[in-house]
Each structure stands twice: as structure tokens, then as C-alpha cells.
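Let's take a walk through this structure together, one region at a time. Have the sequence and the 3D view open as you read.

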Amino acid sequence: MTDAELKHLLELTDPEELAALYRSAYEVKLRHIGPKVSLRGLVEISNICRKNCYYCGIRAGNSNLKRYRVSREEIVNSALWAYDHHYGSVVLQSGEVSSDEFTEFVESTVREIMEKSDGRLGLTLCCGEQESRVYERWRKAGAHRYLLRIEASDPELYRRLHPADHDFEARKECLRRLRALDYQVGSGVMIGLPGQTTENLVHDLRFFQEFDLDMIGMGPYIPHEDTPLGRGVCLTPEYKRSQLEKGLKMIACTRLLLKDVNIASTTALQALADDGRERGLLAGGNVIMPNVTDTSYRRSYQLYAGKPSLDENSRQSCDNLTRRILAIGETILWDQHGDSRHYFNRKQETEQ
Ligand code: SAH
Ligand code: SF4
């Protein structure tokens, strides 16, 4: 597909044309993956963060929240809960902390989860930018996938979203490090950011392609009241509808372009519409990350406004979600890692 074609698809607004776009992306998903969804139990292990991204509700500069770190024992219990409920895989996510103590904490937690699940649980980390030796320790402990969104692939837009000491090149370098350490590498962007153009989004799609990513995790930007970018912004029904539509179009275009990668149908879609994640699956997504963090922590981990399932416990989220997925004709890959096909396909290519 040419840039002009991608731009055209991303600018569609006619409901019938949009439905046709989602349908064709879904057909590509059926061909390469099938009508299947992989689940990852998400544990929000800590909201302590040294960074100050202008859009994020847990940025260091926000003093309107209680900072926490879940104990190792509780994280392991949440992961094992996901394992016992046949999720096949978990994601440990946190704010960014660079310290030997944190490195060791994550390392020993990963190791314990792997031991207690007999090495069978898939494990993804999403703990920000780290040095190579840190990623290496975590990889050796048993993590095999890593998510690090580039957030905005255009350096100028990236610069406008972050303070001066947040370095776009350093973030790209982290993606290269992860790749060199044989992680399945995921990245992505926020969609519908202030000042973001359709050309920026086309650039994002090309970035995914150039970096040959295995997994894409992206979602609509949702303003948060306690951030420089979100202060005073009103989430009107029209704004929410339009953000959701942009998110779905990006999922569809990514599926059409990249075919065999894992694409998350992210919780931010659900924050904009009750059935947002199901719509993401029908536009080409194949991964859902149900929250398995203990309910007591969820209020303190709000990256954006309107985070769903704040009071729901993991059991309720699981039953609710299973019903919804089955209702749209998809099946859940219970007890499987749900690894990225693309990862294995590219490995095979390099061996030949
Ligand atoms: N600290 C790590 C991981 C936690 S943040 C990191 O930054 O990589 C996880 C993701 O939340 C970020 O990558 C960002 O894309 C997303 N996010 C943060 N604020 C958001 C907002 N206001 N709207 C939508 N997504 C947001
Ligand atoms: Fe911290 Fe990640 Fe939020 Fe940036 S997006 S402030 S690094 S948690």
C-alpha cells in the first residue's frame, strides 16, 4: 500500500466505507491468525515513575495520587491467578524506575512466576526504558516479550509531548536493544493526540513496518485532568466517538499492512465505549489484556480519564469478557502463550 492509500483509509468517515475497511482487515486477521483472541493478565505493579510525559496521569509531577508498589508475593499471586484461570500469559507493567533495587525486584519476581508456573506462563514486561544489562537480566529470568511504545514516531511531535530530557533517539535505541536480546518486541503510539496529523499516523505505520515489530500496542489518546496536555479538556460524546474511530482505523490499517503481527485491542478503546475492545477485535486486533491487578490498587493507576473496571475484581472481569468475546464469534486461546506469528516467521526467514 502506498502512503496515499493509507492516508485515504485513515481519513474515511462514511459509515459504510468504515465498515468495509474493518471487514477487510478482519478478513486478513482470519487468514493469518484465525478468529482467535489471546489473553494477557495485566498486573500494574507500580505507579512510581521518574518521567514526566505531558499526557500521562501517573507522571512524576502529579501529586494527586498515592504512589504504590505491589509486593512480590501479591504480584506472583495475581500472575498465578491468571495462570489458574487459563490465561496463558501475563504482562507486568509499571512506571519507569532506574535503580538496581528495581531491577532486582523485577528480576526475582519474574523468576518466581516462572518457577511457580513450571515455566509455562508467557511473560511480557512493560517497564520503560532501561539499559541493555537490565533488559538482559530480565530476559534471562524468563521474560520473553517487551512492550515499549514509541508514543509518536515523528521526532517533532514526540518532542512536543515530552520534557526536553526525554530522548526520542534513546527510546528507539531501547527497541533495538530488546530486539538484539531476542525479545518479541512490541511498540505502538497514541492516536488522536493534539496536533497529530494523518501524515503523522502514516509515518507511525511505516515506523512499525521498518522496525519489523512483532507486536503492536496502540490506543486512542485520552486526556487526563491532572496533566499539562489534558487539563481543562472536556470529553464530549463526539470527541470520544471520534477518538474511538481513529483508534479502530489505525488497528485496521496496521492489520492490512503487517498481517501476521499481534495487535492489542487496548483498554483505552473500552474507556471510550463499552464495547470498544470487541470492536477492536473486529477491526483486526487479536490480543486483550484483562486487568488482574488487585482492585485496591486500580484507582492509583490511571494513565487516562475514565479507566474501566476500577471496582470490578478479576473474576468478574474474566466472566464478563469471555461472554463478550464469544458473542462476537471469536474463540479464546486458553492456556497458550499466544506468541506473535511474525516473530517466528521472521526467525525462520533469517535462518534460511
Ligand atoms: N512507563 C512505561 C509503561 C507504562 S505507561 C512506558 O511509558 O513505557 C503505558 C502506556 O500508557 C504508555 O506507553 C502510553 O502510550 C499510555 N498512556 C499514557 N498516558 C495516556 C493517555 N493520556 N491516553 C492514552 N494512553 C496513555
Ligand atoms: Fe511514566 Fe510511562 Fe507515564 Fe511516561 S507514560 S509518565 S514513562 S508511566
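This is a predicted model: local features need pLDDT of at least 70, side-chain atom pairs count only at pLDDT 80 or more; totals for chains, interfaces and linings use all residues.

Which residues are buried in helix α14 (residues 341–351)? In α14, the buried residues are H342, Y343 and R346. They span an arc of only 105 degrees around the axis, and therefore sit on the same side of α14.

Is K172 buried or exposed? Its relative accessibility is 16%, and because buried means under 20%, K172 counts as buried. Leaving aside residues up to four places away in sequence, K172 touches I150, F207 and F211. F211 is 39 residues from K172 along the chain, yet 9.4 Å separates their C-alpha atoms.

Start with α1 (residues 3–10) and α8 (residues 198–210), whose axes come within 9 Å and cross at roughly 120 degrees. That angle makes α1 oblique to α8. The crossing of the two is right-handed. On the α1 side, the contact is made by D3, L6, K7 and L10, and on the α8 side by T198, E199, L201, V202, L205 and R206. Sorted by class, the contact of α1 with α8 has five nonpolar, one polar and four charged residues.

Next, follow α1 to its other partner here, helix α9 (residues 237–258). The axes of α1 and α9 come within 9 Å and cross at roughly 150 degrees. Why is this pair described as roughly antiparallel rather than oblique? Angles over 145 degrees count as roughly antiparallel, so α1 is roughly antiparallel to α9. Here too α1 passes its partner α9 in a right-handed crossing. L6, L9 and L10 of α1 meet K249, M250, C253, L256 and L257 of α9. This contact of α1 with α9 comprises seven nonpolar residues, no polar ones and one charged.

The remaining pair is α8 with α9, whose axes come within 11 Å and cross at roughly 40 degrees. This crossing of α8 and α9 is right-handed. From α8, the residues L201, D204, L205, R206, F208 and Q209 take part, facing M250, C253, T254, L257 and L258 of α9. Their classes divide into seven nonpolar, two polar and two charged.

Finally, have a look at the backbone in two loops. E151 lies in the loop between β5 (145–147) and α6 (155–161). Although E151 is not a glycine, it has a positive phi of about 75 degrees. With 10% relative accessibility, E151 counts as buried. S309 belongs to the loop between α12 (295–298) and α13 (314–327). S309 is not a glycine either, and has a positive phi of about 55 degrees. At 22% relative accessibility, S309 counts as partly exposed.

Technical notes. Residues are numbered from 1 along each chain as its sequence is written. Chains are lettered from A and ligands numbered from 1 in the order in which they are written. Side-chain values use heavy atoms; hydrogens and water are left out. Axes are lines fitted to C-alpha atoms, for helices over the stretch in contact, and angles run from 0 to 180 degrees between N-to-C directions. Helices (H or I, at least four residues) and strands (E, at least two) are DSSP runs, numbered from the N terminus. Angles under 35 degrees count as roughly parallel, over 145 as roughly antiparallel, 65 to 115 as roughly perpendicular and the rest as oblique. A crossing is left-handed if the near helix is turned anticlockwise from the far one by less than a right angle, and right-handed if clockwise. Contact means heavy atoms within 4.5 Å. Ala, Val, Leu, Ile, Met, Phe, Trp, Tyr, Cys and Pro count as nonpolar, Asp, Glu, Lys and Arg as charged, and the others, Gly among them, as polar. Buried means under 20% relative accessible area, exposed over 50%, partly exposed in between (1.4 Å probe, protein chains only). The arc is that of the directions from the helix axis to the C-beta atoms.
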